[in-house]
Amino acid sequence: MIGSDELRQLFPGLAAADLDAWIADRWVRPEGNPGAYRFREIDVARIRLIAELREDLAIGQDAIPLVLSLLDQLHHVRRRIRLLRDVIDMQPDDVRQAIRNGLIARIGTSSPDR
Amino acid sequence: MPVDDPYKVLGVQPQASEEEIRGAYRKLAKRYHPDLNPGDSEAEERFKEISAAHDLLSDPDERARYDRGEIDVSGAERPRRSYYRDFAEQQGGSWYDESGSGRSGEFDDVFSSFFSGRFGAAGRRGTAEFRMRGTDRQYVLNVDFLDAVNGTKRRLQLPDGKTLDVTVPPGTQDGQVLRLRGQGGEGIGGGPAGDVLIEIQVEPHPFFRRDGNDIHVEVPVTVAEAVLGARIPVPTPRGAVTLRVPEGSDTGRVLRLRGKGVPAHGAERAGDEYVTLKVVIGPVDDEFKDFLRRWSPDHRFDPRRDMGRDSGRDRGGAAP
């Protein structure tokens, strides 16, 4: 985790007021309190993403929360699918085979992974 | 992958303006930014190319040097960077599950729909409900040898506090699994409960041995009982019975007690008990010694005759 000073070094072009607004809107959720925030790796990556959405991709201020919300939902589902995959991996062979057969029957391919 | 022509990568003319280059980059970045394509590694490759091309062409000095043929695009390539998706995919990514946009709670749990039937019901007619059988629960129960042979009842205390009366049927084998239907985990959506599976581990017995439905036991007899014959009590799984030892029996003689093995159970007939005699001399007094010294049998007997004449000498000459 890094503090605000180190964060500023990573993002020299980022205005402090912008970051404060993102935190206030809960787009970014560091630990700690105003003036003494601690940023995890995921927070830093999210700040970079928001900065890129705004500058490189020219996503408007109003659209950014929409993009973040959709991304968050997508990642939630992806994590859940990964969890499901892990649980399926732990099942006996015949159960895994039955699930695989069920997927193949609906997707219509011998490779349900894709 | 080396990129030859940054103009082609961005899809612009070599004389394109800075605005056109920026616009082309944005359009492609929106399409290929790895964070907008979670799980797509091709998008990441594509985005690297696009970024490298844009880095070069967005800097007027670099662009001029490239146009003069002084550098190529590889000079502008960046090291592999991490993206938000790399962290969001991990379990720690759930930190951002409820977005700041006020949609919290609406998108709660994918799995709840698995077991509530919302998925299934949508595609089917009527009131299709998700039904699932409860899980099976597995336990191990240690049982005495004789309890497994004769059958027994045991009361089990399950980890969840429930008690369960288990009937171990006669003839239960080591490793056999008893299935108690409907005693396992509760079903979902009205599905039937799972079963309790109890694996029986049979403890060994100090002198009984089991082979299928037969019981084997070695019983010591005195010299007199073996030589003269006798009626002796021998243990069986259901208590002692009297066995007639024929006159002139020897160590290793096997006598069968019909029906005294594992009791009949199910379609299986009762097994037998096989008694192997073992002559033991026991305490010896002077009278016995004197008798043996005076005794001269009619037929010489060599109990080691089947071991060969040379075997003793080979081992050091102890044989006569």
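Predicted model: local features only at pLDDT ≥ 70, side-chain atom pairs only at ≥ 80, totals over all residues.
How many salt bridges are there between chain A and chain B? The count is two, where a salt bridge is a side-chain nitrogen of Lys or Arg within 4 Å of a carboxyl oxygen of Asp or Glu. Residues are numbered from 1 along each chain as its sequence is written, chains are lettered from A and ligands numbered from 1 in the order in which they are written, and side-chain values use heavy atoms, with hydrogens and water left out.

Chain A first. It has five helices and zero strands, so the pattern along the sequence reads simply α-α-α-α-α; helices here are DSSP runs of H or I with at least four residues, strands are runs of E with at least two, and both are numbered from the N terminus. Of the 114 residues in chain A, 35% count as buried, a label that means under 20% relative accessible area, with exposed being over 50% and partly exposed in between (1.4 Å probe, protein chains only). Taking the contacts in chain A with a separation of 6 or more, 43% are between residues 24 or more positions apart, contact being heavy atoms within 4.5 Å.

Two loop residues of chain A stand out for their backbone. A:R26, in the loop between α2 (16-24) and α3, has a positive phi of about 65° although it is not a glycine. A:A58, in the loop between α3 and α4, also has a positive phi, near 55°, and is likewise a residue other than glycine. For background, most residues other than glycine have a negative phi. A:R26 is partly exposed, with a relative accessible area of 42%, and A:A58 is partly exposed at 34%.

On to where the chains meet. In total, 37 residues of chain A are in contact with 36 residues of chain B. The two chains bury about 3,400 Å² between them, 57% of it on carbon and sulfur atoms; buried area is the accessible area (1.4 Å probe) that two parts lose on being put together, summed over both. A trio made up of A:R29, A:I42 and A:R79 supplies 20% of the area that chain A buries against chain B, more than any other three residues.

As for polar links, 14 residue pairs are in polar contact between the chains, both residues being at pLDDT 80 or more. A polar contact is a pair of N or O atoms within 3.5 Å; within protein, one must be able to donate a hydrogen and the other to accept it, and residues adjacent in sequence count only if both atoms are side-chain atoms. On the side of chain A that touches chain B, the elements giving two or more residues are α3 (41-55) and α4 (63-89). Helix α4 of chain A provides the largest share, 17 residues. By type, the residues on that side divide into 17 nonpolar (Ala, Val, Leu, Ile, Met, Phe, Trp, Tyr, Cys and Pro), 16 charged (Asp, Glu, Lys and Arg) and four polar (the others, Gly among them).

A:H75 lies in helix α4 of chain A and is buried, with a relative accessible area of 1%. Leaving aside residues up to four places away in sequence, A:H75 touches B:P38, B:Y84, B:R85, B:A88 and B:E89.

Chain B has eleven helices and eleven strands, and 32% of its 320 residues count as buried. Its strand β5 (residues 196-202) is mostly covered, with five of seven residues buried. Strand β1 (residues 137-143) pairs with β5 in the parallel sense over seven bridges, two strands being paired if DSSP finds at least two bridges between them; in β5, B:V202 is the bridge partner of B:V143. Strand β4 (residues 177-180) pairs with β5 in the antiparallel sense over four bridges, and here B:L197 partners B:R179.

B:Y139 sits in strand β1 of chain B and is buried, with a relative accessible area of 18%. Again not counting residues up to four places away in sequence, B:Y139 touches B:L158, B:P159, B:V196, B:L197, B:I198 and B:E199.
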